[in-house]
Amino acid sequence: MVRRALGALAVIILGLLMSPAAARADAPGRVALIGVPGLHWHDVDAAATPNLWRLAGQSAIGSLSVRTVGRTTCPYDGWLTVSAGVRSSVGSRCGPPPAVERQGAGAVVPGFDWLWTVRDATYAGTLGAAAHAAGQCTTAVGAGAALALADRAGRVDRYAASPGELADWSTCPVLAVDVDDLIHPYLDGELLSQAPDKLSPAQRRAALGVADAAVGAVLGHLPPDTQVMLAGLSDHGADPHLRVAMWRAPGAGGHFLGAASTHRDDMVILNDVTVTMLQAAGLPVAATVIGAPWSASRPTTLDEGVTALRHADIAGQTIRGVGGPFFIGLAVLQVLFYLIAYLLLRRRRALAGVRVAALGLASIPVSTYLVNLTPWDRAAVPGLALAAGVLVSAVALTALALAAPALWSRLRGRPTESGVLLPPSVIAGVTAAALVGDLLSGTPLQLNSLMGYTGVVGARYSGLGNIPFALLATAVLLLTAAAADELVRAGRRRVAVALVAGLGGFAMLLDGWPGVGSDFGGVIAFVPGIAVTALLVAGKRVSIVKLAAFCGAGGVLVMAIAYLDYLRPTASQSHLGRFVGQVVDGTFLPVILRKLTAMLSTLLSPTLMPIVVAAFAFLIFALFRPGAASAGVLPVAFERAPMLRAGLIGALVSGVVGMLVNDSGAAVLSMALALAVPLVLSAGIRALAPGSGASTEPAAVLSPLTT
């Protein structure tokens with residue numbers, strides 16, 4: 001795990017420093033792309049696919065995320081994305097690439113302009129146009145290859161329907177071959193099959209054998225100085241997978257294959273294929289291309305590398321499969337917890353049990369990341385190992401939080417006065433430390449985690465996701481508020497304010513910095529949360545005008561960060577810098593509208609909104625009817641630890657603003673509440689314990705809340 005984290009950190013540094021000029025070949029070369037749509041690493045072994053296995057041994061190897069626009073990617077979309085250099089889709093006609101018409105030695109894709117006049121594939125033809133603009137010719141073998149190499153007129157210079165038809169493989173420096181023997185049986189007419197796996201294992205092995213022979217024939221024809229890229233450019237059914245990526249180039253063999261686009265040392269994306277082909281041929285990369293060149297990263301043996309890449313797909317498949325049930329289960333647990341807590345608290349029964357349950361519930365989110373410190377994906381039943389790991393981690397963290405006051409008292413040699421805030425601070429601290437450490441090490445914990453992201457889905461590959469942002473912001477604000485409470489009691493209010501602003505600001509910069517967190521909306525939401533918490537710790541009042549100003553400051557700050565990212569070379573930019581480019585050229589509105597639509601759709605989520613509704617309902621009853629609804633636990637908590645109120649309000653501000661400015665919408669607020677409310681509730685129950693020194697009369701504790 002440490003080696004993976006260090007390797008990921010090296011890729012981040014490489015991505016921040018690398019410029020297109022540094023990655024480009026010294027002189028124009030020859031490059032060949034062999035596309036084998038549907039190929040994944042479980043298919044490749046020495047016995048069944050000897051040609052592919054031999055090529056893998058000569059190449060840098062990695063996982064290819066083929067995500068374009070939809071949930072799965074058909075061959076048409078895969079080849080089209082290579083052509084455009086950006087994620088592109090043909091829409092409902094998703095199946096094989098279009099037929100071509102021969103024109104002399106070459107060919108043309110009929111009605112090529114249909115792709116941008118009707119289907120919004122605005123940049124189709126970018127790869128072929130770049131070759132022709134530089135005076136280079138292109139050779140395509142098969143319909144998919146013709147689609148990838150066609151210029152804006154749909155034309156390729158040399159064309160053959162199959163490898164056997166091509167007489168001269170050295171005429172053009174840019175060549176692509178469509179090996180469709182594996183994917184063809186998965187096509188239902190003109191559409192990709194919607195079955196998870198249409199072929200039986202025996203049928204797939206037979207198709208693989210034909211495809212392997214075709215790859216071997218192509219490799220035998222290529223001139224020896226050709227850089228070879230092999231890519232499994234599409235999915236083969238209803239379930240997305242990570243696909244095969246191989247790169248045979250000088251010095252690449254015996255290494256994993258990564259790219260700055262993913263900030264992963266063993267994963268690349270479809271857009272990267274375009275950049276790598278252009279740079280290998282010594283051609284300029286258009287500013288519209290969103291990708292980065294392939295690079296050989298950390299060394300590996302063939303057997304170990306292929307095994308690791310297979311398990312990466314298993315991990316992604318497992319997360320994708322259990323993610324939905326996990327969030328449904330989490331929503332049910334949250335709603336049941338608030339209902340049972342309401343019934344027990346109003347009767348002042350089983351308070352200790354409610355407190356333990358609250359801490360346990362708050363321990364679940366960080367446990368979904370900590371479990372990635374274990375090799376659960378290599379277990380016989382990965383899903384079961386994942387669930388067991390999360391449960392064990394949550395139980396252990398809950399036990400540590402409950403034991404923290406006694407441990408701290410023993411360490412100091414005297415009873416602690418921090419018993420109310422110490423257990424929730426432990427969970428908040430572990431959550432914040434895990435996520436900050438993850439950001440600084442290349443996010444190995446968020447990748448393939450239940451509350452993170454996967455390369456299989458392909459929505460994000462690195463940085464801080466929206467749910468992890470909500471957890472980080474909430475944990476940091478609650479933790480700094482707890483520390484501020486001790487400082488204020490000691491008469492060091494200015495130090496307390498500086499602590500909130502300093503630690504909060506550090507976490508916020510990590511969240512938004514390109515190549516680290518790369519989170520646009522998170523900065524906008526984090527800034528007002530930090531400012532509100534600091535203002536309340538300072539004993540000041542917060543107005544709507546001030547809150548709006550804080551939100552505006554967050555927007556200004558993130559645009560400044562994005563502009564700095566925009567000043568870097570195109571291949572090194574994150575999506576923050578690319579957004580500035582879209583603002584400059586006036587194409588940013590579709591991006592905003594798409595994210596707004598996604599955000600609004602989450603407001604109807606059956607797994608997210610119940611958490612929001614239940615948590616807010618409990619908060620409202622606990623604050624405004626403390627005696628009848630919750631035994632006065634929240635007012636008691638705020639009486640014993642007044643700064644806790646500041647942290648909770650700051651976390652809620654970040655959650656609400658984060659919901660409005662992120663496409664994950666309700667997911668941000670629901671996860672902020674899922675962490676904050678149980679922790680604050682546990683503090684309140686602890687404050688009610690005999691000998692805590694708190695008043696248990698609701699009327700006596702409402703005044704600190706309302707001042």
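# Disulfides, aromatic pairs and a surface patch

User: In this predicted model, is Leu339 buried, partly exposed or exposed?

Analyst: The relative accessibility of Leu339 is 47%. Buried ends at under 20% and exposed starts at over 50%. The value lies in between, so Leu339 counts as partly exposed.

User: Which helix holds Leu339, and which nonpolar residues share its surface patch?

Analyst: Leu339 sits in helix H10, residues 302-346. The nonpolar patch on the surface has about 510 Å² of accessible area together. Besides Leu339, its members are Ile328, Val332, Leu336, Ile340 and Leu343.

User: How many disulfides does the protein have, and which pattern do they follow?

Analyst: A disulfide is a covalent bond between the sulfur atoms of two cysteines. The count here comes to 2 disulfides. Counting bonded cysteines along the chain, the pattern is 1-2, 3-4.

User: Which cysteine is the partner of Cys74, and what is the handedness of the link?

Analyst: The sulfur of Cys74 lies 2.0 Å from that of Cys94. The cut-off for a disulfide is 2.5 Å, so the partner is Cys94. The torsion about the S-S bond is -95°, and the link of Cys74 and Cys94 is left-handed.

User: Are Cys74 and Cys94 buried or exposed?

Analyst: The label buried needs under 20% relative accessible area. Cys74 carries that label, and so does Cys94: both are buried.

User: What is the torsion about the S-S bond of Cys137 and Cys172, and is the disulfide left-handed or right-handed?

Analyst: Cys137 and Cys172 are joined S to S at 2.0 Å. The torsion about that bond is about -120°, so the disulfide is left-handed.

User: Which parts of the chain does the pair Cys137 and Cys172 tie together, and how many residues apart are they?

Analyst: Cys137 lies in the loop between helix H6 (126-133) and strand S5 (138-141). Cys172 lies in the loop between strand S7 (158-160) and strand S8 (174-178). The pair therefore ties together parts whose separation in sequence is 35 residues.

User: What is the relative accessibility of Cys137, and what is that of Cys172?

Analyst: Cys137 counts as buried at 18%. Cys172 is buried as well, and its relative accessible area is 1%.

User: Is Cys551 buried, partly exposed or exposed?

Analyst: The relative accessibility of Cys551 is 23%. The buried class needs under 20%, and exposed needs over 50%. Cys551 therefore counts as partly exposed.

User: Where is Gln573, and which residues is it in contact with beyond its neighbours within four places in sequence?

Analyst: Gln573 is in the loop between helix H17 (544-566) and helix H18 (575-585). With a relative accessible area of 12%, Gln573 is buried. Its contacts, those neighbours left aside, are Asp565, Tyr566, Arg568 and Arg578.

User: Is the pair of Phe520 and Phe579 stacked or edge-to-face?

Analyst: The ring centres are 5.2 Å apart. The planes stand at 70°, and over 60 counts as edge-to-face. The pair of Phe520 and Phe579 is therefore edge-to-face.

Key
Residues numbered from 1 in each chain as written. Predicted model: local features only at pLDDT ≥ 70, side-chain atom pairs only at ≥ 80, totals over all residues. Heavy atoms only, no water. Patch = residues over 30% accessible without salt bridge, like charges linked within 9 Å, V, L, I, M, F, W, Y side chains within 5 Å. Areas by Shrake-Rupley, 256 points an atom, 1.4 Å probe, with all protein chains shown as cover. Salt bridge = Lys/Arg side-chain N within 4 Å of Asp/Glu carboxyl O. Helix = DSSP H or I, 4+ residues; strand = E, 2+ residues; numbered from the N terminus. Buried < 20%, exposed > 50% of the residue type's maximum accessible area, 1.4 Å probe, protein only. Contact = heavy atoms within 4.5 Å. Phe/Tyr/Trp six-rings, centres within 6.5 Å; stacked < 30°, edge-to-face > 60°.
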